[in-house]
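Please have the sequence and the coordinates open while reading.

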Amino acid sequence: MPLWFLSALYLPILHHTLNTLLTVVGLHEFDNLVVILTGLPQHNILHYGYCSLGLFMPLVAYFTNSYLALRNALDASMILSLVLHLTVVFASKQTRIPKSSLIHLFASFFGLYWVAFSISQSAFILSKDRSYMAILLLTTWASDGFAMIVGRTMGKHRIFAALSPRKTWEGFLGGCIVGAIFPILWMYPLSKIWPAMPQLNLLQYLVPGVCIAFLTQVGDLTQSFLKRAVDVKDSGNFFPGHGGVLDRNCGLFFSAPFLNGYVHGTLLRRLRLVKCMF
């Protein structure tokens with residue numbers, strides 16, 4: 001994780017490489033969850049072909065720096081995923097196609113959008129202002145970490161036991177609050193002594209902090225929903241003792257697209273017009 005953070009500030013090409021690796025592994029974990037859900041046998045051609053699509057979108061985003069090109073890459077990836085599914089169906093020579101095959105197909109579409117398309121957008125954030133990746137990564141980790149700490153120490157009211165027996169409203173709100181104020185309490189003062197950090201005013205730190213913190217918690221709940229649907233504790237073991245790529249980075253799947261739109265949209269330009277007195 002520290003390498004991922006520091007590479008965003010000082011070595012973008014390494015950061016893109018790590019993003020591509022995480023995308024491939026994320027699709028690998030996601031497809032494993034879908035296979036468990038559907039009960040279908042895992043075909044190597046379909047599985048590894050699907051995972052290889054994780055190379056496509058990050059590379060397109062990096063070399064074109066075009067959101068339209070990335071959208072076209074998503075469409076192409078969905079078509080290729082459909083071709084892979086049809087290839088497996090024809091190769092298996094089944095007399096009847098299981099209904100769960102359709103679930104697998106549409107779930108694979110969701111995985112491409114939720115994992116690959118979302119992570120790939122970090123390339124646009126880096127090209128615009130790499131220091132914003134510091135806000136994205138650190139706020140996401142702070143929100144996720146403090147949600148767990150507050151939930152374990154103070155959590156009494158469960159959000160939804162069937163979704164996750166450990167998720168509480170106290171943890172959810174704690175993660176949102178800490179994640180929202182984290183950029184102001186820590187990153188803003190640090191920016192005064194570390195030039196690599198975003199040189200922004202308090203409001204420009206606060207707005208993305210609030211939104212990223214909330215979306216991180218939404219992403220965590222979404223990942224819990226996926227895991228409970230297939231009755232597994234972790235999506236993988238890429239990070240020993242901490243779960244898989246989906247477990248540790250689910251908050252980024254919602255917050256990265258938001259921040260990409262934020263730094264390229266009119267809201268940021270309007271905030272820059274605000275005179276902050278602090």
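The bend at a residue is the angle between two axes, one fitted to the seven residues ending there and the other to the seven starting there. The model to which this is applied is a predicted one. In helix H5, a kink of about 25° is centred on Leu112. H5 covers residues 99-120, which is 22 residues. From its first C-alpha to its last it reaches 32 Å, close to the 32 Å expected at 1.5 Å a residue. The helix is mostly covered, with 16 of its 22 residues buried.

One partner of H5 is helix H3, residues 44-64; the two axes come within 9 Å and cross at roughly 30°. Angles under 35 degrees count as roughly parallel, so H3 is roughly parallel to H5. H3 passes H5 in a right-handed crossing. On the H3 side the contact is made by Leu46, Tyr50, Leu53, Met57, Pro58 and Ala61. On the H5 side the residues include His104, Ala107, Ser108, Gly111 and Phe117, and also Leu112, where the kink is centred.

A second pair is formed by helix H7 (residues 131-154) and helix H8 (residues 169-191), whose axes come within 7 Å and cross at roughly 140°. H7 and H8 are therefore oblique to each other. H7 passes H8 in a right-handed crossing. Among the H7 residues that meet H8 are Ala134, Leu138, Ala142, Phe146, Val150 and Met154. H8 contributes several glycines, including Gly171, Gly174, Gly175 and Gly179, along with Phe182, Pro183 and Trp186.

Notes. Residues are numbered from 1 along each chain as its sequence is written. This is a predicted model: local features need pLDDT of at least 70, side-chain atom pairs count only at pLDDT 80 or more; totals for chains, interfaces and linings use all residues. Side-chain values use heavy atoms; hydrogens and water are left out. Helices (H or I, at least four residues) and strands (E, at least two) are DSSP runs, numbered from the N terminus. The expected span of a helix is 1.5 Å times one less than its number of residues. Buried means under 20% relative accessible area, exposed over 50%, partly exposed in between (1.4 Å probe, protein chains only). Axes are lines fitted to C-alpha atoms, for helices over the stretch in contact, and angles run from 0 to 180 degrees between N-to-C directions. Angles under 35 degrees count as roughly parallel, over 145 as roughly antiparallel, 65 to 115 as roughly perpendicular and the rest as oblique. A crossing is left-handed if the near helix is turned anticlockwise from the far one by less than a right angle, and right-handed if clockwise. Contact means heavy atoms within 4.5 Å.
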